[in-house]
Amino acid sequence: MDWFPLWNSIRIAGIACVIVFFTGIFAAYYAYRLPRVWKGILDAVLTLPMVLPPTVCGYFLILIFGVKHPVGQFLSQFGIQFVMRWYGGILAAVVVSFPLMYRTARGAFESFDESLAHAGRTLGLSESYIFWRIRMPICRQGILAGTVLSFARALGEYGATSMLIGYTPGRTATISTTVYQLWRINDERGAFTWVMVNLAISTVILLAVNLLERKHA
Amino acid sequence: MGLVVDIKKKLGDFTLEVQFETRGNVMGLLGASGCGKSMTLKCIAGVEKPDEGRIVLGDKVLFDSEKGINLPPQKRKVGYLFQDYALFPNMTVLQNVKCGAGTIEKAKKYIKKYALEGTENLYPDQLSGGQKQRVALARMLSSEPRVLLLDEPFTALDNFLKSRMERQLMEIIEDKDKDINAHAEVIFVSHDRNEVYRLTHTIAVMEEGKVVDISEKHDLFRTPKTLASTLLTGCKNISRLAEDDKGYKAIDWGIGLKGEKYNKEKYLYAGIRAHDLRIAKTKDNLEYAKRDLDNNENVISCELVREVEDTFSVVIQLMPQNLENKTEYSLITYETSPAEWERIKNNIDTQNITVIIPEDSVIWMKE
């Protein structure tokens, strides 16, 4: 059996998760400090990919990064082409899982007691110390939850991924696209195997989250 | 050294407009919750920015809107003790104190000084209320601030702990000259007049973002100048005033008031503290009060409405008789010891009590 889809899915989801971790937290912290009106607008824009069908997200990605479109053309000069390449999957996964990180992180920041940051400042602590050593550890529950959800969502991503990078065995195939392809060509056994792999990974992730939460409770 | 504060900041329904100066004395900010006391402290600490004005500490300008100066809180050397202490819950006591002290050695010194040995490795949620406050104090003082801002530090404590912590805080404030925090300015904020009275020297009374009265505490409690400060200093009897050819008349009590007959400034309210009232209980008393009673000046005939026993006193509510328009201010509150009230009750008719308002205890207010 060719294990490539497993390896490909994990590297796509893993890299996407790292990217979303930083951009999601940054966006959440930025939005959290905005005045209400702007917060509402930014919120709507950043959460949109969560409510749009993934195929619509994929459509927009092709519209932007397709080789015939300006951005795609510009990038192809440097040999970067997201369409039909495995790392295009990272792009799709980032777009679709970003709102989950952003939302949960913002919720965590909003429940943070701002007087702790005030206290830190009057004690002479730097802004980055306050952020990384006080704000982040106190908000870790929400941020951890957001990270796990984003990873799980990136791992399970199908719609935008299949539109942007398609299915090429050994090159762009992920677990979810493989399940569909094998089922389509009547390879029930193969499809079932990959379904079980997916199920195993998801169960392990959720168990790990539960364990972590109990440890901190 | 001295701290000069003169700031304006728009806040929702009202504008914060605060001006005061401290010179080595403990300054109290007294006001109801939501009047802008905490916001004033936050502006001094630099965690909130005023719209305009100046904040100067000694020869150091902390904020000046005209010159575009706004020092970050990290550089102001202003210590802030929060109402709920704002201890970092993810850090141990030692780590918390180190945030202010900078080094472990110094943190340990302060932990020893504030009797926190043995708690170094505990987290804030494992501490008692008193310990939490000592950690917050140690953390704040170890950063060697030149101004101490104390924001309702006793609100979260029960009564017994409160008086102990108060004593401790007073010692720290008085200990200033022996400590590295020498000559720190102290500003204490509270809505509790007794607390402010016990702990401070000068009191500024705040209402809706403005300082309505500011004076040395004894003066403030003896002769508050505004309605807001009279109420905040705990005066329970207040009447509106009207002027006629004989002088001032207390509308809500239906009597004339002696003293201050004519003054260039017009008074709008008069007040009398519950424990300053006298009740005529002997013949002599009555005889003495008779003339005033006939003139309808400074003496009110009342009937007993209710008596409420407090922990160490009795609060008696009285309603003036022969009053045409009774208002919510007409009810008169008299306070005395339970023993004294027993003596009075045995000598008088509770349906006809002669209440005397001593001339020199009347509080006159212009606004």
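Reply: Keep in mind that this is a predicted model. Start with a helix pair. Helix α2 (residues 93-101) of chain B packs against helix α3 (residues 104-113) of chain B at an angle of about 110°. Their axes are 8 Å apart.

Me: Why are α2(B) and α3(B) called roughly perpendicular?

Reply: The label covers angles of 65 to 115 degrees. The angle here is about 110°. Therefore α2(B) and α3(B) count as roughly perpendicular to each other. Their crossing is right-handed.

Me: Which residues of α2(B) and α3(B) meet?

Reply: From α2(B) come B:V93, B:L94, B:V97, B:K98 and B:A101. From α3(B) come B:I104, B:K106, B:A107, B:Y110 and B:I111. By class, this contact has eight nonpolar, two charged and no polar residues.

Me: What makes a residue of helix α10 (residues 175-184) of chain A buried?

Reply: The cut-off is 20 or more other C-beta atoms within 10 Å of its own. In α10(A), A:I175, A:S176, A:T177, A:T178, A:V179 and A:L182 are buried. After α10(A) comes A:N186, with a positive phi near 65°.

Me: How many residues does each chain bring to the contact between chain A and chain B?

Reply: Chain B brings 16 residues and chain A brings 13 residues. On the chain B side, β7 (78-81) and α2 each give two or more residues. β7(B) gives the most, with three residues.

Me: What classes make up the side of chain B that touches chain A?

Reply: Ten residues are nonpolar, five polar and one charged.

Conventions
Residues are numbered from 1 along each chain as its sequence is written. Chains are lettered from A and ligands numbered from 1 in the order in which they are written. This is a predicted model: local features need pLDDT of at least 70, side-chain atom pairs count only at pLDDT 80 or more; totals for chains, interfaces and linings use all residues. Axes are lines fitted to C-alpha atoms, for helices over the stretch in contact, and angles run from 0 to 180 degrees between N-to-C directions. Helices (H or I, at least four residues) and strands (E, at least two) are DSSP runs, numbered from the N terminus. Angles under 35 degrees count as roughly parallel, over 145 as roughly antiparallel, 65 to 115 as roughly perpendicular and the rest as oblique. A crossing is left-handed if the near helix is turned anticlockwise from the far one by less than a right angle, and right-handed if clockwise. Two residues are in contact if their C-beta atoms, placed from the backbone, lie within 7 Å. Ala, Val, Leu, Ile, Met, Phe, Trp, Tyr, Cys and Pro count as nonpolar, Asp, Glu, Lys and Arg as charged, and the others, Gly among them, as polar. A residue is buried if 20 or more other C-beta atoms lie within 10 Å of its own, exposed if 12 or fewer, and partly exposed in between; C-beta atoms are placed from the backbone.
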